[in-house]
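Please read the following report alongside the sequence and the coordinates.

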Amino acid sequence: MSSSRPRLLQYGKLPLPQLDSELAQRYDVSLLSAQSDPARFLAEQGAQFELLVTSAAMGVPAHVIDALPNLRFVSSFGVGFDSLDKASLLRRGARVGYTPGVLDDCVADMAFALLLDAARGLSAADRFVRRGDWATQRFGIQTRASGKRLGIFGMGRIGGAVARRAAGFDMQVSYHNRRPVDGSPHAYQPSLLALARACDFLVVTAAGGEGTRHLVNDEVLDALGPQGFLINVARGSVVDEAALARALRDRRIAGAGLDVFEDEPHPLPELLTLDNVVLAPHVASGTHETRRAMADLVLRNLESCLATGRPVAEVPWSAAQ
Ligand code: DGY
């Protein structure tokens, strides 16, 4: 059946179900993950697609891009772009839109939720009450968060939103970034190691990808030390998860709060056995309000690509083409 709507390849189901239907109203959508034989579908129909929609969580691998010889625009649901195959997209000359800016507050809120939970033992306290332990035991004394030193690794938009929240908790903020941020009121630490030494709570908000892989390693965790907490709302790949599990088990750090993991949705099994780590299933942006704003930007990026040849919010390496 022919359609006057532009054809669009949707890589998989999106993190806001309404967006699936909104795309289907505006475009002639084929859902790749619903095809019985996706490779065959791509071989037969790949050349018909100029538009591709995916998400930061799903990404898009090189073999899919290679099967789309006429691909011009990608609109990705999410702020991370480490899962989009940069080399093939650049080779293809496709312009790539994403959704920065609209999720900063919710991701920073989640960083603080994890920080407070890890410090005050909120999830552990909930388990304690539900088990009925309250009638016979005292819940262990926990760690104060207010007034402590907060280290932010990655002072971008989300790092900045974390720093603003820290002011309400009377925390002293310092940060490490590839370079100091012009006009930042916060102390710059010249290395991640120096940052870890200088803080009680180390919050990771740095972008994922090869450049940051396993930067939070044994050495950094030891610099954070037995009173220190690690919070990760960025990408699991930034932290050496096996090293983190060892450090938590051996109490070389006090605790952690994690929304992201190296191999999602499979946190390292040892983490599940530890009581000094709070785990969330990569949901920092998962509020109705923020997911709606992300969906709107996915749609606007597509419209803008078709109208002007470029998305309104374009990943930095795509914009440089
Ligand atoms: C993002 O937007 O990159 C979130 O982490 C979801 O993957």
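Predicted model: local features only at pLDDT ≥ 70, side-chain atom pairs only at ≥ 80, totals over all residues.

Residues are numbered from 1 along each chain as its sequence is written, and side-chain values use heavy atoms, with hydrogens and water left out.

The protein chain holds 13 helices and 12 strands, where helices (H or I, at least four residues) and strands (E, at least two) are DSSP runs numbered from the N terminus. Of its 321 residues, 50% count as buried, that is, under 20% relative accessible area with a 1.4 Å probe, protein chains only.

| Property of the protein chain | Value |
|---|---|
| Box of C-alpha atoms along the principal axes | roughly 70 × 50 × 30 Å |

An open sheet of 7 strands has parallel pairing and the order β8-β7-β6-β9-β10-β11-β12, two strands being paired if DSSP finds at least two bridges between them. Strands β8 (187-188) and β12 (277-279) stand at the edges with a single partner strand each, so one side of each has no neighbour in the sheet. Within the sheet, β10 (residues 229-232) and β11 (residues 255-258) run parallel and are joined by 4 bridges, with F229 opposite G255 in β11. Helix α10 (residues 241-249) packs on the sheet and touches β10, β11 and β12, contact meaning heavy atoms within 4.5 Å.

How values were computed: Axes fitted to C-alpha atoms, helices over the stretch in contact; angles between N-to-C directions.
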